[in-house]
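This report describes selected side-chain interactions of one protein. Please consult the sequence and structure shown below while reading.

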Amino acid sequence: MAETKFLEYKGKPLVRCNNTIYYGNPSDAYVICLNILDNKDVEDVKVSGKVVVQLLNTDPDVSPKEKIVKKSEKDGLFNALDLGAVWLERALK
């Protein structure tokens with residue numbers, strides 16, 4: 001069976017489904033969830049506007065309320081992903 005390759009950022013996989021992007025390895029204790037709330041048109045190209053960043057606990061025994069460890073809103077995908085990468089790195093130490 002062929003191995004599936006994912007797009008990576010700073011050595012961790014990025015998986016997108018519609019307007020939601022998951023960053024990190026699902027087998028780790030935490031992952032980042034990026035929800036793109038809106039898009040802007042810049043010279044005929046759609047770019048992300050507001051993005052909600054969430055640090056999620058992947059433990060299946062944790063209640064849904066306790067899954068979200070941190071949450072913030074940023075302008076632009078890069079700003080959101082950059083913040084998420086810092087949160088994830090610190091949480092996994």
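In which strand is N57 found? The model examined here is a predicted one, and in it N57 is found in strand β7.

N57 has a relative accessible area of 17%. Because the limit for a buried residue is under 20%, N57 is classed as buried. Its side chain reaches the backbone nitrogen of D59 at 2.9 Å.

Beyond residues up to four places away in sequence, N57 touches A29, Y30, V62, E66, K67 and V69.

## Salt bridge between K50 and D75

Strand β7, which spans residues 50-57, also contains K50. K50 forms a salt bridge with D75, and the closest N and O atoms of this pair are 3.0 Å apart. D75 belongs to strand β8 (residues 68-75), so the pair ties together parts that are 25 residues apart in sequence.

Both partners count as partly exposed: K50 has a relative accessibility of 33%, and D75 has one of 43%.

## Salt bridge between D82 and K10

The structure holds 2 salt bridges. One of them joins D82 to K10, with the closest N and O atoms 3.8 Å apart. D82 lies in helix α2 (residues 77-91), while K10 lies in the loop between β1 (7-9) and β2 (12-17); the pair therefore ties together parts that are 72 residues apart in sequence.

As to accessibility, D82 counts as partly exposed at 29%, whereas K10 counts as exposed at 57%.

How values were computed
Residues are numbered from 1 along each chain as its sequence is written. This is a predicted model: local features need pLDDT of at least 70, side-chain atom pairs count only at pLDDT 80 or more; totals for chains, interfaces and linings use all residues. Side-chain values use heavy atoms; hydrogens and water are left out. A salt bridge is a side-chain nitrogen of Lys or Arg within 4 Å of a carboxyl oxygen of Asp or Glu. Helices (H or I, at least four residues) and strands (E, at least two) are DSSP runs, numbered from the N terminus. Buried means under 20% relative accessible area, exposed over 50%, partly exposed in between (1.4 Å probe, protein chains only). A polar contact is a pair of N or O atoms within 3.5 Å; within protein, one must be able to donate a hydrogen and the other to accept it, and residues adjacent in sequence count only if both atoms are side-chain atoms. Contact means heavy atoms within 4.5 Å.
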